[in-house]
Amino acid sequence: MPSLRILGGGREVGRAAILVEDGEKALLDYGINFDDKDRPQMPLHVRPADLSLIAISHAHLDHIGAAPLMYITGRPRIYMTRPTIEIARLLVLDFLKLNAVNVDYEYSEFVKMSDNAQFVDYGAEVEAGGFKLVFMNAGHILGSTAIYVETRSGHRILYTGDINTVQTWTLSGAELWPVKVDTLITEATYGDRVHPPRYRVEKRFVSVVEEVISGGGVVLVPSFSVGRSQEVLTLLANELPYVGIYVDGMAREICGIYLNYQKYLRDPSLYLRALERVTFVKNVRDRKKALKSPGVIVATAGMLKGGPSLQYLKKLADDPKNAVLLVSYQSPNSPGHKLLEKGGLEEIGVYFTKARVEWFDFSSHAGRDGLVDIAKTYSHTLRNVVIVHGDEESSKGLANAIRENLGKDLNIYVPNNGDSIAVD
């Protein structure tokens, strides 16, 4: 009988890692998360020699950040899209620069992982180690996939990874194939919440930007370097073409990767048009220019944990004409969350922010309704639902919503890390 072992992501957001066992073993993602002191936390151990394959859903560190550990002593075949390895390369280099003392692998292990990678496109079917894999567009970030797995005994699993069912300015929503699924392994980042309609969020965001700029202010948009920055600049450049847009931080390099892999974009022409209207900040002179006149600065990091966004905040916080518009998830202990709650950031000397501060829900994760719809899509064969990558409240909220909406007898699991689940 096939089984699933939860190596990470059990009742927590991040550290995604699922071991599928059915004679052979396949590892779905192997990511990290961080404790309340920002120290990296690895998933539970699995011997690389025991693995027939690894499949990576996307490039975020909480899904791939621990995978190089498998290449210290092993050489397992690993499957992912090309944008995933290109984006992960930048994220891992940055991660090691900040955390090398607390991590057991070096960049050379990432290189070995890359050397053992087999690259797939959306819709690709792969047979390896007794497993059949199909990679579907997950709509989360460039190159992100949901992974269908058929085991040696014929058990059919769909692992969502991080998934977004809503179309954005840069990406199509998830494109799920009409396959038969016995077990759904689903994320639950927002499993107990419904996102507001995207068009309303975008309309409000554009309106606030326009209002601030017309009043002579500068808008700072702290943003995740991967995905969110590209979406925001594409939205602004197409909706407010007369507004100056500056992009600073790692988002600059990620923008280049998005440009190199246009076939993964919903509408490359929108993105190309946006890049023509964007100024990439390269030096101190560019930063001063960005601050000098009304416009928008899209800068990393999205939670204000460092990067140029913090430096811009110091310069802009004392003027009520300016605004700080947060468009990324703000974890409870993050500086961005403190700014929203307390109106200042004492650690950088900003005790009270006179600038306008607002948060906008541009999430790249499906909410409760989207996740329930995914379960409904496969309800005619679905027998088991395994809920991961969500805190306890979100995970249990999604479990209740699926049970109420599907109206059938399902085995629904909200496992802890280390749990093994026999599925039939």
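Is K25 buried, partly exposed or exposed? K25 counts as partly exposed, because its relative accessibility is 24%. Buried means under 20% relative accessible area, exposed means over 50%, and partly exposed lies in between (1.4 Å probe, protein chains only).

**Before you click**

This is a predicted model, in which local features need pLDDT of at least 70 and side-chain atom pairs count only at pLDDT 80 or more, while totals for chains, interfaces and linings use all residues. Residues are numbered from 1 along each chain as its sequence is written, and side-chain values use heavy atoms, with hydrogens and water left out.

**Stop 1: charged pairs**

A salt bridge here is a side-chain nitrogen of Lys or Arg within 4 Å of a carboxyl oxygen of Asp or Glu. E21 is partly exposed, with a relative accessible area of 23%. The structure holds 23 salt bridges.

Next, select K132 and E125. Their closest N and O atoms are 3.7 Å apart, and they form a salt bridge. K132 is partly exposed at 27% relative accessible area. E125 counts as exposed, at 51% relative accessibility.

Now go to R356 and E358. Their salt bridge has its closest N and O atoms 2.8 Å apart. R356 counts as partly exposed at 25% relative accessibility, whereas E358 counts as buried at 17%.

**Stop 2: strand β20**

Select residues 384-388, which make up strand β20. Helices (H or I, at least four residues) and strands (E, at least two) are DSSP runs, numbered from the N terminus. How many of the 5 residues of β20 are buried? The count is 5 of the 5, so β20 is largely enclosed by the rest of the structure. Look at the side chains: N384, V386 and V388 point one way, and V385 and I387 point the other way.

**Stop 3: the neighbours of β20**

Show strand β13 (residues 183-187). β13 and β20 pair in the parallel sense over 5 bridges. Two strands pair if DSSP finds at least two bridges between them. Across this pairing, L184 stands opposite V385, and T183 stands opposite N384.

Then show strand β21 (residues 411-413). β21 pairs with β20 in the parallel sense over 3 bridges. Here N384 stands opposite N411.

**Stop 4: the whole sheet**

Zoom out. The open sheet has 7 strands with mixed pairing, in the order β9-β10-β11-β12-β13-β20-β21. Its edge strands are β9 (125-128) and β21, and each pairs on one side only. Neighbouring strands are turned by 15° against each other on average, direction ignored.

**Stop 5: helix α12**

Finish with α12. This helix packs on the sheet and touches β13, β20 and β21; contact means heavy atoms within 4.5 Å. The direction of α12 makes about 155° with that of β20. Axes are lines fitted to C-alpha atoms, for helices over the stretch in contact, and angles run from 0 to 180 degrees between N-to-C directions.
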